[in-house]
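Here are my notes on this one, as promised. Have the viewer open while you read.

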Amino acid sequence: MKNCRQKIILAIETSCDETSISILKGMDILVMETNTQIDKHKVYGGVIPEVAARLHLEVIDQLVKKALQKAKLKITSIEYIAVTKEPGLINALHVGLIFAKTLTQLLKIPLLGINHLEGHIYSPFIDKEDKLKFPMICAIFSGGHTDLIYVEKLFKYKLIGSTKDDTIGESYDKVARMANLEYPGGPKIEEYNKIKTNLVLTRPKVDGLNFSFSGLKSQVKKNLLKNQKEEVLKAFHDCAISYLIDNIIKASNLYKTKNIAVTGGVSASPKLREDIKKTKLNCFFPEPKYCVDNAGMIGYTAYLRIKDNNYKILDLREDSHPKNSLY
Ligand code: KG4
Ligand code: ZN
């Protein structure tokens with residue numbers, strides 16, 4: 001039998017607004033083809049679930065074809081299919097899952113249902129498996145999540161902090177909208193990072209390692225009425241990023257580990273990356289293309305599970321799920 005380091009895996013991600021396909025040979029991502037729907041959702045200021053599902057359906061087969069061509073592989077070379085099963089927008093997840101089920105039946109190969117958040121957790125270690133050390137604290141900072149997870153060992157998770165209201169990504173997007181900036185708000189707000197201001201926003205108080213952003217949003221709203229927009233956005237960015245980093249430091253002290261992974265769309269923030277470098281943490285970030293939703297991280301997680309012989313072949317009667325059951 002071929003070593004799992006050589007196995008060809010086709011991975012599919014459709015949990016939100018990116019249709020993404022990757023092909024891996026063992027741990028190596030041979031190709032990744034992603035179609036982002038951002039331009040289609042921009043006009044609404046956020047993702048519309050029904051529109052997302054229809055757009056996945058329109059492009060998914062073409063993306064698979066393109067990926068196979070680029071990898072110079074025939075469809076019959078695929079040995080495993082990995083698909084995002086949860087959590088996410090249910091209609092969007094469904095498109096990927098039905099496509100994956102059909103393909104596995106045709107090819108008579110195993111199907112692995114992968115948790116999207118587990119994909120984010122391991123995304124910083126794609127091409128850097130030697131850096132994956134336990135225990136570790138993983139921060140998922142995205143449009144859908146603001147979670148701090150204690151990863152005791154491979155595939156063993158404990159949620160140690162989360163948001164009580166909006167996620168960090170949502171907060172960036174809502175603040176951007178208040179300031180008449182386009183969706184997604186994070187990169188737009190980052191452009192104001194060089195602005196000088198004396199304005200300081202206060203951090204909402206919550207227990208333990210949790211987060212809350214709704215009070216911060218209200219402060220932005222009030223301050224936009226009496227201050228320069230640029231200064232308010234810079235003050236929001238400073239407050240939000242220091243809040244994220246301080247909770248990571250707290251978690252690191254509490255759980256006595258300096259191994260940190262910061263993932264998800266917001267982990268693309270240059271300010272977050274620079275400011276974390278000033279701490280004494282051993283922090284890993286994904287490459288920019290693996291920060292947002294992508295099939296590379298789904299395939300890589302499938303590879304880790306196959307290698308560890310720690311996976312369940314998905315029963316074709318099983319459905320996708322909007323909620324997370326990993327932790
Ligand atoms: O991971 P992602 O695609 O969302 C989910 O799948 O849940 O991340 C998208 C989020 C958006 O809310 C966007 O505003 C934010 O990531 N984002 C950023 C930056 N780039 C993207 N937030 C802060 N700073 C950035 N540079
Ligand atoms: Zn995500």
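The points below go through the metal site and then the ligand site.

1. First, a caveat: this is a predicted model, so please read every distance here as computed from predicted coordinates.

2. The zinc ion (ligand 2) has three residues listed as coordinating it: His 116 and His 120, each through NE2, and Asp 293 through OD, at 2.1 Å. Along the sequence, the donors follow the spacing H-x3-H-x172-D. His 120 belongs to helix H4 (residues 116–122), while Asp 293 sits in the loop between strand S10 (282–284) and helix H10 (295–307). That pair is 173 residues apart and ties together distant parts of the chain.

3. On to ligand 1, which has 18 residues around it. Gly 144, Asp 173, Gly 186, Gly 265 and Asp 293 are the closest.

4. For polar contacts, check the oxygen atoms of ligand 1. A backbone N or O atom of Gly 144 is 2.6 Å from one, a polar backbone atom of Gly 186 is at 2.9 Å, and a polar side-chain atom of Ser 142 is at 3.3 Å. Ligand 1 taken alone exposes 560 Å², and the protein buries 89% of that.

5. Where does ligand 1 sit? Its space is the largest pocket. Helix H5 (168–178) and helix H6 (185–190) each provide at least two shell residues, with H6 giving the most, four.

Terms used: Residues numbered from 1 in each chain as written. Chains lettered and ligands numbered in written order. Predicted model: local features only at pLDDT ≥ 70, side-chain atom pairs only at ≥ 80, totals over all residues. Heavy atoms only, no water. Donors = N, O, S within 2.8 Å, 3.2 Å for Na, K, Ca; no water. Near = heavy atom within 4 Å. Polar contact = N/O pair within 3.5 Å; in protein donor to acceptor, adjacent residues only side chain to side chain. Areas by Shrake-Rupley, 256 points an atom, 1.4 Å probe, with all protein chains shown as cover. 1 Å grid on protein atoms, 1.4 Å probe; cavity = no way out; pocket = protein on both sides within 12 Å on 5 of 7 lines; lining within 4 Å. Sits in = over half its atoms within 2 Å of the grid points.
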